[in-house]
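Subject: Structure handover

Hello,

Here is the structure I said I would pass on. My notes follow below it.

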Amino acid sequence: MSEINDFKDLKIWQKGIDIAEKCYFLTKLFPKDELYGMVQQIRRSAASIPANIAEGYGRRSTAEYIRFLNIAQGSLNELETCC
């Protein structure tokens with residue numbers, strides 16, 4: 001089992017980064033008239049997933065970490081709805 005020294009060691013954060021990168025790549029293929037509609041919404045919710053995981057990890061409190069994981073879950077649900 002590997003040791004976790006940083007939020008970047010968390011597999012869930014790594015998967016969140018992968019999701020965000022893929023969303024940014026895929027939304028480049030969207031029509032230009034969606035730039036301020038679905039593209040912006042998808043990118044914002046996708047980027048919010050690993051950002052909230054990292055922020056929660058940095059709070060160093062279990063309760064705060066759980067709160068930010070719940071926010072990340074909400075962003076994932078939002079992304080799923082948009083897709």
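Which residues of α1 are buried? In this predicted model, they are Trp 13, Gly 16, Ala 20, Cys 23 and Thr 27. They lie on the same side of α1, because the arc they cover around the axis is only 80 degrees. An α-helix has 3.6 residues a turn, so residues three or four places apart point the same way. On the other side of α1, the exposed residues are Lys 11, Lys 15, Glu 21, Lys 22 and Phe 25. The cover over the buried residues of α1 includes α2 (38-58) and α3 (62-82). Helix α1 takes in residues 11-27, and its end C-alpha atoms are 24 Å apart. That agrees with the 24 Å that its 17 residues should span at 1.5 Å a residue.

Overall picture

The protein has three helices and zero strands, in the order α-α-α from the N terminus on. Its C-alpha trace spans about 45 × 25 × 15 Å along the principal axes. Of the 83 residues, 29% are buried. The accessible surface is about 5,900 Å², and carbon and sulfur atoms account for 57% of that surface. Taking contacts between residues at least 6 apart in sequence, 52% join residues at least 24 apart. As for charge, the protein has 11 positive and 11 negative charges, and their mean positions are 3 Å apart.

Helix α3

Phe 68, Ala 72, Ser 75, Leu 79 and Cys 82 are buried in α3. Seen down the axis of α3, these buried residues fall within an arc of 70 degrees, so they line one face of the helix. On the other side of α3, Thr 62, Ala 63, Asn 70, Glu 80 and Thr 81 are exposed. Both α1 and α2 are among the elements that cover the buried residues of α3.

Leaving aside residues up to four places away in sequence, Ala 72 touches Ile 49, Asn 52 and Ile 53.

Ser 48 and Leu 76 are 28 residues apart in sequence, and their C-alpha atoms are 8.4 Å apart in space.

Where is Arg 60? Arg 60 sits in the loop between α2 and α3. Its phi is positive, at about 60 degrees, although Arg 60 is not a glycine. The relative accessible area of Arg 60 is 66%, so Arg 60 is exposed.

Regards

Definitions and conventions. Residues are numbered from 1 along each chain as its sequence is written. This is a predicted model: local features need pLDDT of at least 70, side-chain atom pairs count only at pLDDT 80 or more; totals for chains, interfaces and linings use all residues. Side-chain values use heavy atoms; hydrogens and water are left out. Helices (H or I, at least four residues) and strands (E, at least two) are DSSP runs, numbered from the N terminus. Buried means under 20% relative accessible area, exposed over 50%, partly exposed in between (1.4 Å probe, protein chains only). Contact means heavy atoms within 4.5 Å. Accessible areas come from the Shrake-Rupley method with a 1.4 Å probe; for residues, only the protein chains shown count as cover. Lys and Arg count as positive and Asp and Glu as negative; His and the chain ends are not counted. The place of a charge is taken as NZ of Lys, CZ of Arg, CG of Asp or CD of Glu. The expected span of a helix is 1.5 Å times one less than its number of residues. The arc is that of the directions from the helix axis to the C-beta atoms.
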